[in-house]
Amino acid sequence: MQTRSQGPFVGERKSPWQRVHGVDAVLEQWRGDRHVGPNLVLDEMLPSAEASFAPFPETLSPQVVTALKARGLSSLYTHQAEAYELSQAGRDVVVATPTASGKSLCYLLPVLNSLALDREARALFLFPTKALSRDQEAALHTFLEQAGLEHGAVTFDGDTPADARRSARERSGVILTNPDMLHTGILPHHAGWARFFAGLRYVVVDELHAYRGVFGSHLANVLRRLERVAKFHGSTPKFLCASATIGNPKEHASKMTGRDVQLVSESGAPRGERRVLVYNPPVVNAELGIRQSYIKTSARLTADLVKAGVPTLLFGQSRNGVEVMLKYLRDALAQVRIDPDVVHAYRGGYLPHARREIENRLRHGEVKCVVATSALELGIDVGSLDAVVCAGWPGSVAALWQRFGRAGRRQGTSLSLMVASSAPVDQYVAATAKSLLSAPAEQARIDPDNVEVLVQHLKCAAFELPFEGDEGFRDVPASQVRDALGYLTEHRVVHEVTTPGGKATWHWSADAYPANDVSLRSIGWDNFVIIDLSTDKTMAEMDWRSTHTMLHEQAIYQHEGRQFQVEKLDFENHKAFVRPVEPDYYTDAMTFTKVTVMSRAQEAKAPTYELGTGDVSVVERVVGYKKIKFHTHENVGYGDVRLPEMQMHTTAVWLTVPELVVQLLNAPRPDVMDALRGLLSAMHTVAAVGLMVDPRDLGQCVGGRDGDGRGSTLFDPTLYLYDSVPGGVGLASRLFDERESVLRRTRDLLDGCACDEGCPACVGPGAIDAVHRGRKTLALAVLSALGITSLN
């Protein structure tokens with residue numbers, strides 16, 4: 001019997017012209033490599049699963065059945081049939097099954113069925129990104145055509161031409177859009193959408209798990225406004241939600257929609273075998289606990305896969321990281337004479353036509369590897385992929401499996417690899433890698449009643465329709481709405497009018513257009529455009545916040561593997577002018593953060609320290625940049641940056657260490673402050689893991705009790721952990737409630753770490769010399785002085 005070669009045996013000498021091919025051969029090569037194999041801290045095969053089928057429901061329209069059969073389907077998966085039956089019973093539904101399990105059919109069937117039965121029926125599809133809505137539009141067009149339905153389906157977003165917008169309002173049966181466009185482009189102009197809202201039967205919220213934190217809190221309020229407008233036009237739509245696996249899909253969907261939502265979580269879809277790997281790069285500096293660059297390692301391992309003909313998706317943590325890995329990949333492929341154009345980057349900031357082109361080329365197999373940010377983490381159909389590489393921990397178990405799920409979407413054996421960085425959370429994951437296979441998915445949390453968010457949307461709602469005296473705001477009681485409207489009346493934003501019958505109504509009275517001043521994603525409303533001086537054409541765009549760190553003058557801006565130097569940043573007109581260059585370095589901005597307490601909500605005093613929570617002002621300023629050499633990552637220079645400060649009001653929890661305790665430690669003050677920074681780093685790790693949130697959702701800063709303490713030799717050092725979004729979403733108050741557990745678990749983390757004097761997995765690297773104690777020793781001394789003991 002003929003057998004297929006699995007590649008050279010471990011240790012076998014290959015001929016120069018031999019190349020490995022396929023996932024199995026690459027795996028064998030890695031395991032036999034003395035630099036790779038010993039550092040694979042997880043190497044497990046997840047078994048495949050058989051499909052579970054159900055017949056087409058009897059109530060399904062013949063036209064929809066025809067379309068299903070035209071797609072080669074003779075039955076449904078059990079979870080698809082269950083979701084359909086629940087929707088036909090008039091229930092709101094959330095489907096939470098793994099990636100690539102056919103969730104889209106769970107909401108398409110009820111929608112298409114209603115369109116087939118009623119020419120006036122309408123549906124609204126919400127997707128978190130433009131790319132996803134465009135991708136689903138193409139699939140929906142095919143489905144409608146196969147079903148013989150004349151209802152149109154139009155994507156309505158910022159890229160939609162004016163004539164297509166008119167057609168969408170007047171004739172389209174399905175509108176595909178994103179929360180931002182619904183918020184600013186549809187609801188404020190609902191009078192022009194009267195026919196659409198009058199026939200609205202279903203609202204589909206896809207990728208529900210993506211709506212967390214402040215973004216999710218905003219969307220919940222946008223949906224409150226949507227229901228209010230729909231009711232005005234005479235409809236009460238049902239909600240159909242689809243989510244990747246999270247810890248609380250039913251609770252999350254219910255909080256998002258304000259309704260009792262039915263959960264469908266048992267998947268009937270088949271699943272191919274998946275090889276799951278976690279690679280922890282080797283230590284290159286044992287004293288400081290520094291490991292080999294995860295950026296370079298991820299690019300190198302991905303290059304092995306691409307050389308072996310394995311279609312691969314490489315996820316990076318940031319735009320800069322994506323562009324650096326793209327350059328490294330292309331350099332590596334050029335050395336073996338593989339066309340570098342088979343690798344592309346995909347991230348926020350690319351112009352719409354560039355994104356569409358990359359999506360199409362990937363679907364048709366012309367692109368063999370894409371280096372992406374989380375923009376491709378969602379359910380965009382990018383064709384058949386055999387491998388996914390995650391450069392660094394994506395922030396949560398749910399996000400990791402969502403990314404891993406992008407490979408093997410067509411069944412068969414797939415490869416999922418995470419490369420750990422030196423960051424504390426990454427090292428924690430690497431140390432407990434086995435638990436990834438059984439770890440519960442994190443919960444998605446939102447706070448729709450956050451006062452700052454709620455008031456903004458009450459203003460938008462008042463602009464859309466006047467409020468009547470006894471009117472609530474979906475699940476917000478009428479009394480609370482009246483109080484908020486009274487506050488807005490005092491600020492002359494709304495005007496109270498009493499009807500002849502004695503009923504109070506509130507009308508919008510300001511000149512401003514409120515939705516324009518409310519950004520759902522908590523970044524500046526206006527993007528900066530990037531203009532290439534060599535062509536005088538716009539090449540990309542950048543959000544307001546990222547502009548400070550990536551488009552300051554003399555920055556190296558990276559785009560599709562090419563480098564451009566920023567010659568001028570026109571801050572007033574939101575334009576950045578760049579010129580192509582070929583440097584051997586890229587730039588990395590340095591920021592200074594200051595936290596000031598504005599008001600104290602709660603405080604707890606212990607004999608040796610103080611804890612508090614409340615509102616704070618966070619001022620962040622880019623003060624300079626480093627020049628980092630490609631490939632070696634050495635620092636080759638610095639530069640100054642002069643840009644306006646970025647200010648944010650949010651909530652924080654803080655730990656104040658009295659000056660007396662600092663003096664009793666009998667160590668140089670700079671060493672103590674360094675140890676406190678390390679202690680805060682450990683607290684941040686514990687807090688992020690305990691709250692099950694992305695570490696980037698929590699900011700950290702060491703300052704003084706009432707400021708940064710600079711200019712004074714005596715002040716009470718204060719460690720701040722703050723919500724990274726304006727107004728906060730309740731993380732600080734939850735940390736305050738769990739304050740004792742957080743501090744004691746921090747002690748456990750330091751006591752349990754195997755390092756001698758600090759490493760990235762606990763307090764971060766700390767210098768050791770013959771005179772001064774290391775960062776970890778001092779951090780433990782601080783905890784002992786504060787009387788904080790371990791849990792164990």
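This is a predicted model: local features need pLDDT of at least 70, side-chain atom pairs count only at pLDDT 80 or more; totals for chains, interfaces and linings use all residues.
**Helix 20 and its surroundings**

Q: How far does helix 20 reach from its first C-alpha to its last?
A: Helix 20 (residues 669–691) has 23 residues and reaches 32 Å, close to the 33 Å expected at 1.5 Å a residue. The expected span is 1.5 Å times one less than the number of residues, and helices are DSSP runs of H or I with at least four residues, strands runs of E with at least two, numbered from the N terminus.

Q: Why is helix 20 described as largely enclosed?
A: Because 17 of its 23 residues are buried (under 20% relative accessible area, with a 1.4 Å probe and protein chains only).

Q: Turning to strand 24, which residues cover its faces?
A: In strand 24 (residues 556–559), Ile556 and Gln558 lie on one side and Tyr557 and His559 on the other, all buried. In a regular strand, side chains alternate between the two faces of the sheet.

Q: How does strand 24 pair with strand 25?
A: Strand 24 and strand 25 (residues 562–570) pair in the antiparallel sense over four bridges; pairing requires at least two DSSP bridges. Isoleucine 556 stands opposite glutamine 565 in strand 25.

Q: Which residue in that hairpin takes a positive phi?
A: Glutamate 560, near 50°, in a hairpin with two residues between the strands.

Definitions and conventions: Residues are numbered from 1 along each chain as its sequence is written. Side-chain values use heavy atoms; hydrogens and water are left out. Buried means under 20% relative accessible area, exposed over 50%, partly exposed in between (1.4 Å probe, protein chains only).
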